[in-house]
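Welcome to my notebook. I went through this structure a piece at a time and jotted down what I looked up.

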Amino acid sequence: MALRIEVNDHTDVPLSRAHDFALRAENAGIDGVGVHDHQGSGHDVFVRLAEIANRTSRVTLFPSVTNPVTRHPAVLAANANSLAELHPGRIRIMMGSGDLATSAVGLRSATVAGMRESAMAIRALLRGESATLDGTTISKLGHVSDQTPELYINASSPRMLAAAGEAADGVYAMVGVDLAVVNRAREHIAKGAGSRDVPVAWGVPIYMGDTREAALEGMRAYAFSNFGKPRKVFAAVMRERHPELPVYDRAADIPLDVLAMLADGLGIVGTPSECGERLAAFVGEAKPDHIVGRIFYAGEDSMRALEALAEDVLPPVMREA
């Protein structure tokens, strides 16, 4: 199977220009584009995805990520179904617990059990069936798209990975690129999936810079956040491998050598050419068939990051794939 490469769109632009990033990604041969779902932007993600879909012709489109708290699962199902009816075969739901979106409005993020039940309800509704949620029966959708959108659960902890393997069409695994971490995540997914063959989209942070040092500094906050959460598969594996490392109170406290180790386990970091070599090595080792890049370029905007991805990072990856 050919490697599927998708990318998240981090641009914050007026809706009249919402398609700029996705259209450029499509022209560069990228397979899909995700857009964040955060009400604080002032833009509704499904309105934005509709605008993007109208101005592109091929890329798969998805919220990256939405959640079942600020959006009721029945509403999520209807939104995705509407887009799929207009743009069949091009829509996917990527759903997470909603940490940022929920905390911004004073709500708690979804639990693992809530994510499991929400995923099962949404999938039933998209199949044209009724669903059960919190003991309440939800009536089936009046119109169902001929091509049902798939639902992936965003996961980084053992319990969420297992729940995604059990209840979703696929897993959006944000665990890092270290091979031991990837294999540990696969084990957790398999526990939930049982005999099912569940596809996995591997979230791959790609932090670029004019120098590797600049790229590393750009990833400092992300490395601190992931290493500081012991429930994450990444943190668990790193703690097993490096028990001597302390618990850091601030991102700035992480020494440069430790930062480099953590960053290389979490994602692809360096100059664009270095990132191309590192991503190709990950593809060769881990053998993913689907990756979703979260791309950044130190000191530059998202369009520059996309340009570097297309011109410098992906060519060696495609040769490897």
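**Entry 1: the largest pocket**

I began with the largest pocket, which holds about 1,100 Å³ of space. I am working on a predicted model, where local features need pLDDT of at least 70, side-chain atom pairs count only at pLDDT 80 or more, and totals for chains, interfaces and linings use all residues. Residues are numbered from 1 along each chain as its sequence is written, and side-chain values use heavy atoms, with hydrogens and water left out.

Which residues lie closest to the centre of the largest pocket? I found V65, D99, L100, N154 and K232 there, out of 36 lining residues. For my terms, a pocket is an open set of points on a 1 Å grid over the protein atoms alone, with protein on both sides within 12 Å along at least five of seven lines, and lining residues have an atom within 4 Å of a point. A volume is the space filled by probe spheres (1.4 Å probe) set on the points, which are joined across faces, edges and corners.

The elements giving two or more residues to this lining are β1 (4-9), α4 (99-103), β7 (150-155), α6 (158-167) and α9 (220-227). Helices (H or I, at least four residues) and strands (E, at least two) are DSSP runs, numbered from the N terminus. By class I noted 12 nonpolar, 16 polar and 8 charged residues in the lining of the largest pocket. Here Ala, Val, Leu, Ile, Met, Phe, Trp, Tyr, Cys and Pro count as nonpolar, Asp, Glu, Lys and Arg as charged, and the others, Gly among them, as polar.

I placed V65 in the loop between β3 (60-63) and α3 (73-86).

**Entry 2: the second largest pocket**

Next came the second largest pocket, with a volume of about 400 Å³. It has 20 lining residues, and D197, V198, P199, V200 and D289 lie nearest its centre. Two or more residues each come from β7, α7 (179-193) and β9 (200-208), and α7 gives the most, with 4 residues. I noted 10 nonpolar, 2 polar and 8 charged residues in this lining.

**Entry 3: two helices side by side**

How do α1 and α13 lie relative to each other? The axes of α1 (residues 20-27) and α13 (residues 302-320) come within 11 Å and cross at roughly 5°. The two helices are therefore roughly parallel (under 35 degrees). Axes are lines fitted to C-alpha atoms, for helices over the stretch in contact, with angles from 0 to 180 degrees between N-to-C directions.

In α1, D20, F21, R24 and A25 meet S302, M303 and L306 of α13; contact means heavy atoms within 4.5 Å.

I also looked up A310, found in α13. A310 is partly exposed at 27% relative accessible area (buried is under 20%, exposed over 50%, partly exposed in between, using a 1.4 Å probe and protein chains only). The C-alpha atoms of A310 and G29 are 8.2 Å apart, though 281 residues separate them along the chain.

In α11 (residues 256-266), I listed V258, L259, A260, L262, A263, G265 and L266 as buried.

Lastly, D134 has a positive phi near 55° without being glycine, and D134 is exposed at 67%.

Definitions and conventions: Angles under 35 degrees count as roughly parallel, over 145 as roughly antiparallel, 65 to 115 as roughly perpendicular and the rest as oblique.
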